[in-house]
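Please look at the sequence and the model before reading on.

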Amino acid sequence: MDRLDREILGILQEDARISYRDLGARVGLSANAAGDRVRRMRRDGVIRGFTVIIDPAADTRTGLVVFIEVSLRLDTTNEEFERAVLALPGITEVVHVTGGHDYLVRATAADSGSLGALLSRLKRDAGVAHSNTRIALRAAPAR
């Protein structure tokens, strides 16, 4: 990856829907050359995908959006936890983090009862020893 690839990644993080023509113009490449670089970075795994970020307040279908900090039991490996947690309904993101907890899990739950059931399954099925849950009230748009 070179300076131009990093510049392209920065632009795509701001607007993943930018056309290859506009992307190329911003970095001094033709549309085809910009597209080739994006396709190469996707093929090489640098770009893992494109996503839509929805404001939790605007998406009334999901109910609660929660962030769960989890600490694993000593007998649970990272691989076991990741495999188990990704199989649970409502899990939208799992991030291995530094600090006082092992992972940060982003999830949705229809209501507090569904959230309670999810937390029970994390402890029973995914090897979680301790958790700390935060409910999202609103999200400011990223710029």
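## Terms and basis

Helices (H or I, at least four residues) and strands (E, at least two) are DSSP runs, numbered from the N terminus, and two strands pair if DSSP finds at least two bridges between them. The model is predicted, with local features needing pLDDT of at least 70 and side-chain atom pairs counting only at pLDDT 80 or more, while totals for chains, interfaces and linings use all residues. Residues are numbered from 1 along each chain as its sequence is written, and side-chain values use heavy atoms, leaving out hydrogens and water.

## The strand pair

Strand β2 (residues 91-96) pairs with β3 in the antiparallel sense over 5 bridges, and I91 has A107 of β3 as its bridge partner. In the hairpin of these strands, 6 residues lie between β2 and β3, and G99 has a positive phi near 105°.

## Helices α2 and α3

Helix α2 (residues 20-27) packs against helix α3 (residues 31-43) at an angle of about 100°, with the axes 7 Å apart; axes are lines fitted to C-alpha atoms over the stretch in contact, and angles run from 0 to 180 degrees between N-to-C directions. Because angles of 65 to 115 degrees count as roughly perpendicular, α2 is roughly perpendicular to α3. In this contact (heavy atoms within 4.5 Å), α2 contributes Y20, R21, L23 and G24, and α3 contributes A31, A34, G35, V38 and R39.

## Contacts of L122

Leaving aside neighbours within four places in sequence, L122 is in contact with I68, V85, L88, G127 and V128.

Methods:
Parallel < 35°, antiparallel > 145°, perpendicular 65-115°, else oblique.
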